[in-house]
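Here are my notebook entries from an afternoon with this structure. I jotted them down in the order in which I looked things up.

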Amino acid sequence: MQNQSLHLLGSSHHVADLGIREKINLPASAIDEFYQGLRQLPGLEECLLLNTCNRTEIYGAANNGFSPNLLCEYLSEFRKIDYDFLAQHSYQHSGEKVVKHLFEVSSGIDSQMVGETEILGQVKKAYEDACTRNAAGKMLNRLFQKGFQAAKWARTNTGISKGQVNLGNVLCELARRIFGKVSNSRLLVIGAGDVAESALEAFKSRGSQAITVTGRTFDWCPLSRRKPDELAEKYGGFALSFSKFQESLHHFDVILTSTASGKAMITPTEVQLAMKRRPSKPLFLIDASVPRNIDEKVARIDNVFLYNMDDVSAIANENLKTREAEVDRCRHALAKKAIRIWEQMSVQPNSISSINQSVTPNS
Amino acid sequence: MNFQDTRDLLWLAGGLYGVAFFIGLLKTFKNNFSLFREAPFIAISFGFIVHTRALYFRGLDVHGCPLGNTLERVQFILWSLILAFLILRLLWRLDLLGSFCAGLSFFAGWLSLLFPSLDSKYWLLENYQRLFSNPWVELHASIAIFSYGIFSLLSIVCAMYLVQHKALLDRATGKLSSFLPPIHDLEHAAFRLLLIGTLCLTLSLIVGGMHWLRHPEYVTSIKLFITLILWAGYCLLFFLRCSNILFGSKFSKASIALFLIAMLSMGFMSSKDKSSTILQPQQTSQE
């Protein structure tokens with residue numbers, strides 16, 4: 001334990017734009033295989049993968065002889081990306097900086113939409129996944145438990161979560177600038193993830209009555225009441241068959257896609273056809289998926305406004321400029337906490353192990 | 001400042017519109033700017049009263065509706081623009097539209113005053129005859145100019161549409177775009193203004209046409225040609241918008257372009273062929 005150190009390899013919106021993140025991001029189906037290979041790296045004793053639409057990060061606890069470059073080599077090989085290209089669009093940290101980075105990530109101040117809360121859930125999910133695979137051990141357990149505590153402290157004791165950073169609220173504001181009253185605009189949500197739910201909540205809270213939800217799982221398993229129709233029921237909306245949504249685009253004013261299909265579901269041809277049936281009415285499209293679900297050429301069509309995650313996040317962060325001082329204060333406090341935790345981890349290894357023994361993902 | 005002099009009053013009215021415009025901008029862009037909430041609207045209202053008084057004095061000078069030179073026509077259009085805004089303001093609270101209208105009236109009003117050559121004192125000529133041979137012609141001219149006022153308001157609404165549209169495409173979150181009305185509402189407003197303006201212009205042409213049939217010598221061929229071109233332009237714009245062929249940013253750009261053409265053609269819209277020398281303000285002041 002005394003010879004262990006922490007390592008991190010990551011790529012996020014800070015160093016890679018959307019197109020590059022799409023290349024680095026791991027598809028859900030490949031995660032098992034990725035973990036298997038990762039655990040075989042010489043010297044790496046513990047590992048954890050945090051894979052969200054805005055970041056791909058590998059946390060590791062290893063012997064002092066471990067070369068952190070192995071992580072980069074492995075990821076570049078796995079994703080079939082040039083090593084130098086990946087090195088250029090990623091960052092590596094070791095020791096105390098890993099603690100500080102995780103604190104910033106889990107508290108939301110490193111997020112594209114500063115102060116957002118979804119990231120904490122994603123970090124917890126990543127931690128649970130690693131524990132389920134027995135990939136995380138004492139060192140990472142302690143690190144992540146402290147990370148969750150730091151996130152809670154930051155939200156309670158600083159103002160980083162105040163104001164509108166929520167994706168749904170930002171979308172409502174954009175819809176207001178296009179259509180006026182949000183309650184009058186008809187919303188179609190494709191997918192049933194967190195982003196979709198956030199948008200549904202925001203539209204519903206502003207009095208929107210015409211909410212429709214569709215998703216791939218709806219058609220795959222129509223009798224089992226999967227998420228799209230559950231969501232529709234929860235928000236008093238309608239469920240639309242996934243096979244029919246493309247021919248119904250013209251009925252909607254705001255269309256949000258949030259699926260992990262990895263391919264373009266809405267093409268310029270479909271949007272052009274829809275616009276012919278609603279020529280003078282604008283159409284607001286939001287692509288909240290990575291990889292994107294809406295062909296970016298759609299934005300060239302007259303009266304169509306296409307926003308992706310980067311755009312929405314940029315707007316949210318613009319709104320948050322007034323919070324910069326609060327974020328700085330938070331970052332400063334988290335850095336102090338990180339130093340203290342790292343000192344404890346490196347000086348009192350026995351107490352670390354005793355604490356970690358009682359830590360489980362469910363706790 | 002002579003409160004009986006038309007030009008002095010026009011300068012004052014323009015100044016009041018300018019005050020309304022700058023207060024409106026400060027209210028929009030400066031968070032900590034605190035002034036009486038209705039200050040821009042009050043400045044516009046006072047400006048309109050002064051403007052009306054100025055046109056009234058000029059009307060007394062020319063013994064009719066003051067539309068005899070470019071300055072008078074520009075000022076009458078600006079007066080119509082503010083009147084249309086004030087009527088709309090009774091129905092909806094449109095502070096930013098007021099700032100845009102005040103801004104246009106300030107800049108265009110003072111610009112027209114800066115060039116004395118635009119304000120020839122034609123009524124001081126020895127052989128001056130009343131501008132309008134009969135009340136129907138006067139009605140024709142005033143409705144036509146009022147329709148231009150509506151079209152200038154249409155241009156402002158279209159400019160607001162383009163600003164909001166560009167901000168949405170550029171993902172800009174500036175204060176101006178967040179205060180501007182939604183593009184959907186602006187497009188509806190633009191369509192209604194186009195409808196009202198086109199109806200007014202058509203009515204004006206019908207009234208003017210009846211007079212022209214009896215006295216074609218009063219209308220120059222260039223005026224007839226430009227008037228018909230503009231009327232056809234606005235009718236075509238209305239038809240294209242109605243049939244959803246032209247909408248959105250292209251419609252807005254076309255509306256602004258057509259209004260600019262209308263403004264540029266103002267110099268050719270004189271009813272009578274004035275071959276005699278026209279006295280300039282400087283010349284008359286020496287007399």
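**Entry: α2 and α4 of chain B**

I began with a helix pair in this predicted model. Helix α2 (residues 39-62) of chain B packs with helix α4 (residues 95-114) of chain B at an angle of about 40 degrees, and I noted their axes as 10 Å apart. At that angle, α2(B) is oblique to α4(B). I also looked up the handedness: α2(B) passes α4(B) in a left-handed crossing.

Which residues make the contact? From α2(B) I listed B:P40, B:F41 and B:I44, and from α4(B) B:D95, B:G98, B:S99 and B:A102. Sorted by class, the contact of α2(B) with α4(B) has four nonpolar, two polar and one charged residues.

**Entry: a closer look at B:P40**

I stayed with B:P40, which sits in helix α2 of chain B. Is B:P40 buried or exposed? I found 25 C-beta neighbours inside 10 Å, so B:P40 counts as buried; the cut-off for that is 20 or more.

Next I looked up the partners of B:P40, leaving aside neighbours within four places in sequence. B:P40 is in contact with B:D95, B:G98, B:S99 and B:A102, and also with B:A20, B:I23 and B:G24.

**Entry: α5 and α9 of chain B**

I then turned to another pair. Helix α5 (residues 135-169) of chain B and helix α9 (residues 248-264) of chain B pack at an angle of about 140 degrees, with 9 Å between their axes. I had to think about the label here: α5(B) is oblique to α9(B) because of that angle, since roughly antiparallel is kept for angles over 145. The crossing of α5(B) and α9(B) is left-handed.

I wrote out the contact in two parts. On α5(B) the residues are B:Y148, B:F151, B:S152, B:L154, B:S155, B:C158, B:A159, B:Y161, B:L162 and B:H165. On α9(B) they are B:S249, B:S252, B:S255, B:I256, B:F259 and B:A262.

**Entry: chain B as a whole**

Stepping back, I noted 10 helices and zero strands for chain B. Along the sequence, chain B reads α-α-α-α-α-α-α-α-α-α. Of its 287 residues, 40% count as buried. For the contacts in chain B with a separation of 6 or more, 80% join residues 24 or more positions apart.

**Entry: chain A as a whole**

Chain A gave me 15 helices and 10 strands. Of the 363 residues of chain A, 45% count as buried. In chain A, residues 24 or more positions apart account for 72% of the contacts with a separation of 6 or more.

Chain A has a mean pLDDT of 83, and 88% of its residues reach 70 or more. I marked residues 220-225 of chain A, where pLDDT stays under 50 and the model has two contacts beyond four places in sequence. I also marked residues 350-363 of chain A, with pLDDT below 50 and 14 contacts beyond near neighbours in sequence.

**Entry: where the chains touch**

The contact takes 16 residues from chain A and 12 residues from chain B. On the side of chain A that touches chain B, the elements giving two or more residues are α8 (167-179) and α13 (309-319) of chain A. Which element gives the largest share of that side? I found that α13(A) does, with five residues. By class, this side of chain A divides into seven nonpolar, four polar and five charged residues.

Most residues other than glycine have a negative phi, so I kept a note of two exceptions.

- A:K80 has a positive phi, near 55 degrees. A:K80 lies in the loop between α3 (69-78) and α4 (83-88) of chain A. With 7 other C-beta atoms within 10 Å, A:K80 is exposed.
- B:H63 is not a glycine either, yet its phi is positive at about 60 degrees. I placed B:H63 in the loop between α2 and α3 (70-91) of chain B. B:H63 counts as partly exposed because it has 13 C-beta neighbours inside 10 Å.

How values were computed:
Residues are numbered from 1 along each chain as its sequence is written. Chains are lettered from A and ligands numbered from 1 in the order in which they are written. This is a predicted model: local features need pLDDT of at least 70, side-chain atom pairs count only at pLDDT 80 or more; totals for chains, interfaces and linings use all residues. Axes are lines fitted to C-alpha atoms, for helices over the stretch in contact, and angles run from 0 to 180 degrees between N-to-C directions. Helices (H or I, at least four residues) and strands (E, at least two) are DSSP runs, numbered from the N terminus. Angles under 35 degrees count as roughly parallel, over 145 as roughly antiparallel, 65 to 115 as roughly perpendicular and the rest as oblique. A crossing is left-handed if the near helix is turned anticlockwise from the far one by less than a right angle, and right-handed if clockwise. Two residues are in contact if their C-beta atoms, placed from the backbone, lie within 7 Å. Ala, Val, Leu, Ile, Met, Phe, Trp, Tyr, Cys and Pro count as nonpolar, Asp, Glu, Lys and Arg as charged, and the others, Gly among them, as polar. pLDDT is the predictor's confidence in each residue, from 0 to 100. A residue is buried if 20 or more other C-beta atoms lie within 10 Å of its own, exposed if 12 or fewer, and partly exposed in between; C-beta atoms are placed from the backbone.
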